[in-house]
Amino acid sequence: GSCDGEESALVQHPLRSTAMSSDIAGLKDRLAKLEAASNSGGFFCGGAYCANHAVCCENHAYGLCGSPGATCCYAPVSGIINLCAPGSECNKHSGHCHAK
């Protein structure tokens with residue numbers, strides 16, 4: 001169709017090719033780091049990768065890693081996660097952490 005020439009021109013454009021090569025190299029580097037981390041004994045918490053002994057807080061959309069002793073605090077309607085530091089407590093009505 002009439003778009004074939006345009007697509008070919010986009011693919012062959014030297015700046016786009018360089019940018020794409022850079023993107024691919026960046027993705028390969030990120031993949032290598034993730035693979036190395038996955039062998040470190042950590043674990044996935046939703047889409048996040050946590051260190052051993054971390055606290056995992058997750059909802060339907062994402063996960064958060066917290067330090068040992070942290071607690072998960074979820075907003076009642078939105079499900080937004082807050083990590084409460086040791087010594088703080090979760091207000092279950094608001095989903096916010098408060099110092100004791």
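**Notes on the predicted model**

1. Strand β7 (residues 88-91) pairs with strand β8 (residues 96-99) in the antiparallel sense, over 4 bridges. Strands here are DSSP runs of E with at least two residues, helices are runs of H or I with at least four, and both are numbered from the N terminus. Two strands pair if DSSP finds at least two bridges between them. N91 has H96 in β8 as its bridge partner. The hairpin of β7 and β8 has 4 residues between the strands, and G95 in the turn shows a positive phi of about 85°.

2. A word on what you are looking at: this is a predicted model, in which local features need pLDDT of at least 70 and side-chain atom pairs count only at pLDDT 80 or more, while totals for chains, interfaces and linings use all residues. Residues are numbered from 1 along each chain as its sequence is written, and side-chain values use heavy atoms, with hydrogens and water left out.

3. Now the overall layout. The chain contains 2 helices and 8 strands, and their order along the sequence is α-α-β-β-β-β-β-β-β-β. Of its 100 residues, 15% count as buried; buried means under 20% relative accessible area, exposed means over 50%, and partly exposed lies in between (1.4 Å probe, protein chains only). Among contacts with a separation of 6 or more, 3% come from residues 24 or more positions apart, where contact means heavy atoms within 4.5 Å.

4. The accessible surface of the chain is about 7,200 Å², and carbon and sulfur atoms hold 59% of that. These areas come from the Shrake-Rupley method with a 1.4 Å probe; for residues, only the protein chains shown count as cover.

5. A second hairpin is worth a look. β3 pairs with strand β4 (residues 63-66) in the antiparallel sense over 4 bridges, and 4 residues join the two strands. E58 stands opposite G63 in β4. The faces of β3 divide as follows: V55 and C57 are on the covered face, whereas C56 and E58 are on the uncovered one.

6. Beyond its neighbours within four places in sequence, N52 is in contact with S40, G41 and G42. The C-alpha atoms of N52 and G42 are 4.7 Å apart, although the two are 10 residues apart in sequence. The N52 side chain also reaches the backbone oxygen of G41 at 3.1 Å. That is a polar contact, a pair of N or O atoms within 3.5 Å; within protein, one must be able to donate a hydrogen and the other to accept it, and residues adjacent in sequence count only if both atoms are side-chain atoms.

7. S40 is partly exposed because its relative accessible area is 48%. Not counting residues up to four places away in sequence, S40 touches Y49 and N52. From S40 to A51, 11 residues along the chain, the C-alpha separation is 8.1 Å.

8. Which aromatic pair does the structure hold? A search of the whole structure finds 1: F44 and Y49, edge-to-face, at 4.8 Å centre to centre with 75° between the planes. Rings of Phe, Tyr and Trp (its six-membered ring) pair if their centres lie within 6.5 Å; planes under 30 degrees apart count as stacked, over 60 as edge-to-face and the rest as tilted. F44 is exposed at 52% relative accessible area, and Y49 is partly exposed at 23%.
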